[in-house]
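Please look over the model shown here, with attention to its sheet and its ligand site.

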Amino acid sequence: MIRINNVLLSEGKGGVYGERMMDGYRVWNPYRSKFAALVMKRKDIDLPPEFIVLYLGAANGTTVSHVADYVDTVYAVEFAPRPMQDLMAVSERRKNIVPIMGDAGRPSEYAMITEPADMLYQDVAQPDQTGIAIKNLPLLKDGGILILMLKTRSVDVTRSAKEVFEASILELEAGGLVVEDTLWLEPYHHDHACIICRKGE
Ligand code: SAM
């Protein structure tokens, strides 16, 4: 990944969803992708080539396709039929993406398709975001990393973003995770926190 001022570039061979290209690199927009926002804010986020990623909330596969530029395989879970169609088309162009039509709240439905993940990335904007992450922990390797993009307004609009965030941290810790880092995705995404956790060895 290459950062030039406010532009992030990824190194895949050829465009995937009509994104702009710069000198042969794919422009990865942090205002459209929370992962790109994380990379813009945290310079040490790594996507090693041997990584297996389980991606929950794949939508139409734009961010998935950038992650797939770097890692071995992305298992991409999405439950809505319309974005799933786009995700299927993206997976035609990136052979290391495995599209899975499934409910991230029911990991037993896709556990047999996936392999143990080095990274669990979740971006589902649902009320029970921490519960979904915890249910998927059996699919994450011991010592693996969880990156949870927490949309606080989807959890509870009546509580402040800070309250939802603090309660979510407690739930993740109670679920057996070690919280390693947290940040807010401002100015790219409002009321979105990124919580980075490690699953115990
Ligand atoms: N990660 C995407 C990206 O960066 O391009 C954007 C994800 S969008 C904010 C959230 C997606 O999660 C939607 O496409 C929605 O259909 C999907 N989603 C929500 N709940 C889900 C669930 N329980 N299982 C699978 N997908 C879910």
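The notes below cover the sheet, the helices against it and the ligand site.

This is a predicted model, in which local features need pLDDT of at least 70 and side-chain atom pairs count only at pLDDT 80 or more, while totals for chains, interfaces and linings use all residues. Residues are numbered from 1 along each chain as its sequence is written, and side-chain values use heavy atoms, with hydrogens and water left out.

**Sheet**
- An open sheet of mixed pairing is formed by 7 strands in the order S7-S6-S5-S8-S9-S11-S10, where strands are DSSP runs (E, at least two residues) numbered from the N terminus and two strands pair if DSSP finds at least two bridges between them.
- Strand S7 (97–101) and strand S10 (177–184) are the edge strands, each pairing on one side only.
- S10 runs antiparallel to strand S11 (residues 192–199), and 7 bridges join the two; Val178 has Arg198 in S11 as its bridge partner.

**Ligand site**
- The ligand is surrounded by 15 residues (a heavy atom within 4 Å), and the closest are Tyr55, Thr63, Glu78, Ala104 and Asp123.
- An N or O atom in the side chain of Tyr55 is 2.6 Å from a nitrogen atom of the ligand, and a backbone N or O atom of Gly57 lies 2.9 Å from a ligand nitrogen atom.
- In the side chain of Glu78, an N or O atom is 2.6 Å from an oxygen atom of the ligand.
- The protein buries 84% of the 610 Å² that the ligand exposes when taken alone, with accessible areas from the Shrake-Rupley method and a 1.4 Å probe.

**Helices against the sheet**
- Helix H6 (residues 161–174) lies across S9, S10 and S11, where a helix is a DSSP run (H or I) of at least four residues.

Conventions
Contact = heavy atoms within 4.5 Å. Axes fitted to C-alpha atoms, helices over the stretch in contact; angles between N-to-C directions. Polar contact = N/O pair within 3.5 Å; in protein donor to acceptor, adjacent residues only side chain to side chain.
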